[in-house]
Structures are given as structure tokens and as C-alpha cells.
Amino acid sequence: MSEPASKSVVAARLRVVVHAVDALRRTALGRVVAEAGHIVVDAQDAADVVLADGDGPRGETRPIVSLGGADQDLPGVLSRHADPNQIDAAIRAVAAGLLVRLPEAMDSGFGVMRETDGHALLTPRELEVLAALAEGMTNKAIARRLNISLHTVKFHVESVFRKLGARTRTEAVAKASERRRYETMTL
Amino acid sequence: MTDQPDLLAQFSNALATRVEAAKNAVVAIRLAHGRHLTGMAWRSDIVVASEQSLPRKDEFELVAAGGSVLTAKIAGRDPSTNIAILRPATPMASPSITAGEARTGAVALAIGADGAGGASARLGLVNLVGPEWHSSRGGLIDRRIVLDVNVGRREEGGPVFDAGGGCLGMSTFGPRGQVIAIPTATIERVVPQLDKDGRIARGWLGVALQAVAVPDALRESADQSSGLMVMSVVEGGPAAQAGILAGDIILSVDGTPAHRFRKIARHFGADSIGRKVDLRLIRSGTVMTVQTTIAERHAA
């Protein structure tokens, strides 16, 4: 019945099992898979790849693309928030026998606690300005929200740029979020 | 005449003899997809492994020296020092391990398990040695030992020996594939606690903290230029019960300035649980002191 996997899976329509405990998530992922040109099949059907929300089903022998699972040994490991392009690319790559990892996974490893130098630490006010920048607010809107002058907002934005070594608002937001990710400690 | 010994052959023979002798210092820890990790046969009843690479399972199959297969249960894990211990169902052979002294430039011999009861070997140098350091997960590592040794994924967790046969520590990967050793002293300190409790007890307040600069206007009353801002408070945790709010900036813990997290980390060791601490903090422009009782952190 099931035809052998095509040699050139890159261009092919692949048969994909979508595994998710949450029904809404399963529907959403199924749509992503279908819109990428693949065929969503049932778990017991012949399939090329299993797309799993979190870790894959136990005992699954077909290649799994996991979204935010803990098992780093699976062929495909993406974040839970992977976008449709990443999911499509990962499904095709894993079906072709490749491994898929996020760049951060290569940067993981047991490392030293990162701590910013004192002169580059942000003040609470600067963190508020950053939060507003992350929402895409203009200086004027930030001034209104924080109830400070436009001049003061510009002063804070410049200081944030200098401390983070950023040239644009997007870069400042990205660098601040990376810093928060690595430097927030739970106690 | 072969009176003059060939130094290279001697060196090579000495290494091969060492590796042969180190065979029973390693076990293979079987993973899915035919892969494995290396574990150190620390004691006859304890295998030490690299926590970060050990899947979250309760039981593993081990391949011991000579190829015998036995099961082992996880007996404890400590992500903060990257040490996990497994307890084999039946005791196994284990060599006596003595701590070596890491010296920059000294030869380092890393041993891995080949998965079939034998050893694999890697030779290199101790790339650099530094003082104690704190990991990103808050654990204290007794020395910084960076190796110029090309350790493979399957060999992670094996012992690293110096030229005298002393054990420098357990091989593992730092960021960007850097090979480091978790020092023998750290393993000696952590294993007994893991063996007893299955985890390393730590103090807990129930807050997430980020270092911030103290605003200029408050530097004088705060008497310091940086502190730890409370980013979030866990509902029902000790900090929440003491009325600590997101946005508070912690300046000191029992008088120790909280410039950085690692400065106050020692106040939250196993012995801190149940103890009262005074937190000096800034809230809405005012410096105040709040007392709270440290609870025990539960596994994430």
C-alpha cells in the first residue's frame, strides 16, 4: 500500500502525523502542515514524519520534529513558538535524514553565570523605556505613558543604546531580551 | 643497538597502558537511537554523569567494563554543578580515584566509554586553570579547568587524568562546544549530598532577579550603585508572604551588598533553609528593610 519514501523529499508532499494533546493546538499545527503542501495523516497510517507538540509519543519509531520538547536527542528540535517556515523546513530536512537544531542549542552547554559590568547596568526607568520600545511605541507615546518630557525620553533611549551597544530600537530590544534571558536568576 | 630507549615509543606505551587501566573507570550509559554517554565509575555503587546531557528518565542501561549490561536508577541530579549520579542494580568494579592538580599546559588524558565495555581515549593539554566560578544555574565549581582536548559527544562525562594518574575531573561541554572539566573536588563535595537526598538543597525566596543600576537620585540613600531588581514574585512563596513586590530593588541580604547575584548566593545554601534574613531594599524611592524566612527550593 504505502509507497517507499521518495528519494527527493525536498520537493515532495510528505505524510505527516500531528501529535498534540491539546485539540486546538493539533488543529493549528495540522493547518500549518497542510498549508506547507503536506498531507496530514492519522497516527496509525504510514507517515514520513511525526510533528509533535512537546515530546513525541512514547515508542514512536518514525522521525520526530519536536516543538519545545525536552528530549534533545530527537532528529528535529524546534522551539514551541517555531514559525510555519521553520516547521516546514524542519519536516523536510528530517524526512531527508538530517538533524535540525536551533542555533541556541549549539550555544547551550554548562557555562559561567553571565553578569553585566556595572557601568552597563540599566536603571529601572530605562527598563520601562525598553518595555515600551519592545511594544513599538514612539518617543512621544513613551513620554505620555511614563509621564515624562520628550527630551527625557530621548535621553533615556540614548543611554539604553549606549549601555546595550545597540544602534537601532530593534537591536536594543533584542539585546535586552537576550540579557534578561541569560542574566535573570531565580532565588 | 637499542640501548637508547625510544622516547616516543615509551610515551605511547605509557599512554596505552594508562588507558587500559582506566577501562574500569568508565561505563557507557545507553540512550535512544543507539547512542550513549559516558559515566564515571565513581564508587562500586555510584556512577557519575554529566547532568546536562542525561535525558530525564528514571532508569538507564549501563555497559560496564568488559561488556556486561546492568540497569541503574537515577539517584540524584544537580543541574547547578552539572553532576548526576546513578545507582547500578548490582555493584561493579571501580578504580580508586585520587584527585589530580590541574596545571595549565600539563598533559590531560580524557577517557570515554566505547559502548561495548571498552574505553576510548583523547589526549591534549590543560588549556587554562582559573579560580572557583559560579555556573549560570547558580552552582559553585571549585576551579575553572578548560581543556584543549577534543572530546566526542559519547565521551562526555568520562574522567580526565593528569600525567600522574590523578583525576582532574569529569569532562563536559561548556558554551560553543568548549571542553571543560568539573573538578574532582566539586564531585567529591556534591556526590555525598546527592547520594543522601537525591538533590542539592537550596534556599528559596520565590523571586526572579535582574541586576540593575540604582537611579542617581537614590544612590546616596542606598549607599550603593547597583542592586537586584525583583522581576517577578512566585505566589505564596516566602518573598510574597513578606510583601515583596515586583519592582523592588534588593540592596543587601543580611548586610551583604547585593550588587550581583553571586555575591549573595552563599546566603542561600542548604543550611539557609528556615533561617530569617533581612533584605534591605528600595521601594518607590524609599530604602526599607523587610524580613523573610528562607524556604526550600523545589526542583524546577
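The expected span of a helix is 1.5 Å times one less than its number of residues. That rule is applied below to helix 6 of chain A. The model is predicted. Chain A has seven helices and six strands. Both chain A and chain B carry a two-domain assignment.

**Chain A: fold and dimensions**

- From the N terminus, the element order in chain A is β-α-β-β-β-β-α-α-α-α-α-α-β.
- The radius of gyration of chain A is 22 Å, whereas a compact globule of 187 residues would be near 16 Å.
- Along the principal axes, the C-alpha atoms of chain A occupy a box of roughly 70 × 35 × 30 Å.
- Of the 187 residues in chain A, 30% are buried.
- Take the contacts in chain A with a separation of 6 or more: 51% of them join residues 24 or more positions apart.

**Domains**

- In chain A, domain 1 covers 15-107 and domain 2 covers 118-179.
- The C-alpha centres of these two domains of chain A are 37 Å apart.
- In chain B, domain 1 covers 1-200 and domain 2 covers 203-296.
- The C-alpha centres of the two chain B domains are 38 Å apart.

**Helix 6 of chain A: length**

- Helix 6 of chain A takes in residues 150-164, which is 15 residues.
- Just after helix 6 of chain A comes A:Gly165, with a positive phi of about 65°.

- The buried residues of helix 6 of chain A are A:Val153, A:His156, A:Val157, A:Val160, A:Lys163 and A:Leu164.
- These residues cover an arc of only 130° around the axis, so they sit on the same side of helix 6 of chain A.
- An α-helix has 3.6 residues a turn, so residues three or four places apart point the same way.
- A:His151, A:Glu158 and A:Arg162 are exposed, on the face of helix 6 of chain A turned away from its buried side.
- "Buried" here needs 20 or more other C-beta atoms within 10 Å of the residue's own, and "exposed" means 12 or fewer.

**Helix 6 of chain A: what covers it**

- The cover over the buried residues of helix 6 of chain A includes helix 4 (124-134) of chain A.
- Helix 5 (139-146) and helix 7 (169-183) of chain A are also among the elements covering those buried residues.

Notes: Residues are numbered from 1 along each chain as its sequence is written. Chains are lettered from A and ligands numbered from 1 in the order in which they are written. This is a predicted model: local features need pLDDT of at least 70, side-chain atom pairs count only at pLDDT 80 or more; totals for chains, interfaces and linings use all residues. Helices (H or I, at least four residues) and strands (E, at least two) are DSSP runs, numbered from the N terminus. The radius of gyration is taken over C-alpha atoms; the globule rule is 2.2 Å times the number of residues to the power 0.38. Two residues are in contact if their C-beta atoms, placed from the backbone, lie within 7 Å. Domain bounds come from an automatic or database domain assignment. The arc is that of the directions from the helix axis to the C-beta atoms.
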